[in-house]
Amino acid sequence: KSLAVLMSLAILNLTTAAPLNLETVVLNAGTIVPLETMNVISSENTNVGQTIDLRVTRDVKADGQTVIPAGSIAKGQIVRSDKAKGIGKAGFLEIQIKSITAVDGQEVYLSGGNINEEGEDKQTLAIVLGIFVCVLLLLIKGKNAEIAPGFSFNSNVATTMNIQV
């Protein structure tokens with residue numbers, strides 16, 4: 001019995017012991033998180049609610065410590081996606097930046113830095129040609145909104161957090 005009690009205490013001690021050499025730093029709200037798109041994002045093939053991956057371009061530091069390393073993947077979400085339509089109407093795309101994971105595994109919520117993109121509007125061209133040349137030319141579509149890979153922008157940390165590094 002005493003061996004079982006000692007083993008239980010040893011296991012309990014191991015599971016409750018704090019990891020050594022961890023420092024807690026404060027990641028302030030408003031800290032800039034530099035991001036870039038990883039793939040082509042187009043209003044032609046995206047849907048509202050779809051998750052988009054974005055990449056951190058430089059280390060994010062707090063008190064001189066890296067709390068979000070370059071190359072980390074941030075999450076964004078499509079909040080509006082309109083395909084290009086007839087009569088020259090352009091496509092539209094809006095992405096809301098959501099969150100990223102810090103080095104200690106905490107989810108860091110982001111604000112600002114949302115991306116809005118509109119395709120080329122050909123409405124005037126379609127109407128003029130449709131009226132003066134042929135009614136079928138009213139079927140001319142505008143261009144879809146498209147965001148190229150490597151498009152860089154900044155987002156910000158939404159709330160102040162303590163991060164263990």
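This section describes the fold composition, the strand pairing and the nonpolar core of a predicted model.

The chain contains 13 strands and 2 helices. Of its 165 residues, 29% count as buried. The accessible surface of the chain comes to about 9,900 Å², and carbon and sulfur atoms account for 54% of that area. When contacts between residues at least 6 apart in sequence are considered, 68% of them join residues at least 24 apart.

Strand E2, which spans residues 32–37, is mostly covered, with 5 of its 6 residues buried. E2 pairs with two strands in the antiparallel sense: with strand E12 (residues 152–157) over 5 bridges, and with strand E4 (residues 51–56) over 3 bridges. Glu 36 takes part in both pairings. Its bridge partner in E12 is Ser 152, while in E4 Glu 36 stands opposite Arg 55.

Thr 37 also belongs to strand E2. The relative accessibility of Thr 37 is 1%, and Thr 37 therefore counts as buried, the cut-off being under 20%. With its neighbours within four places in sequence left aside, Thr 37 is in contact with Leu 54, Ile 115 and a group of residues comprising Ile 147, Ala 148, Pro 149, Gly 150, Phe 151 and Phe 153.

A further antiparallel pairing joins strand E5 (residues 60–62) to strand E6 (residues 65–68) over 3 bridges. Within this pairing, Lys 61 stands opposite Thr 66 in E6. The hairpin formed by E5 and E6 has 2 residues between the strands, and Asp 63 takes a positive phi near 50 degrees there.

The largest nonpolar core has 28 residues. Strand E8 (residues 92–101) gives the most to this core, contributing 4 residues. In soluble globular proteins, nonpolar side chains tend to be buried together. The residues with the most contacts inside the core are Leu 27, Leu 35, Val 67, Val 108 and Ile 163.

The surroundings of Val 67 can be set out in detail. Apart from its neighbours within four places in sequence, Val 67 is in contact with Val 25, Leu 27, Val 60, Lys 61, Ala 62, Ala 102, Val 103, Ile 163 and Val 165. Leu 27 and Ile 163, both in contact with Val 67, are likewise among the residues with the most contacts inside the core. Val 60, Lys 61 and Ala 62 are also among the contacts of Val 67, and strand E5 covers residues 60–62.

How values were computed
Residues numbered from 1 in each chain as written. Predicted model: local features only at pLDDT ≥ 70, side-chain atom pairs only at ≥ 80, totals over all residues. Heavy atoms only, no water. Core = buried A, V, L, I, M, F, W, Y, C linked by side-chain atoms within 4.5 Å. Buried < 20%, exposed > 50% of the residue type's maximum accessible area, 1.4 Å probe, protein only. Contact = heavy atoms within 4.5 Å. Pairing = 2+ DSSP bridges. Areas by Shrake-Rupley, 256 points an atom, 1.4 Å probe, with all protein chains shown as cover.
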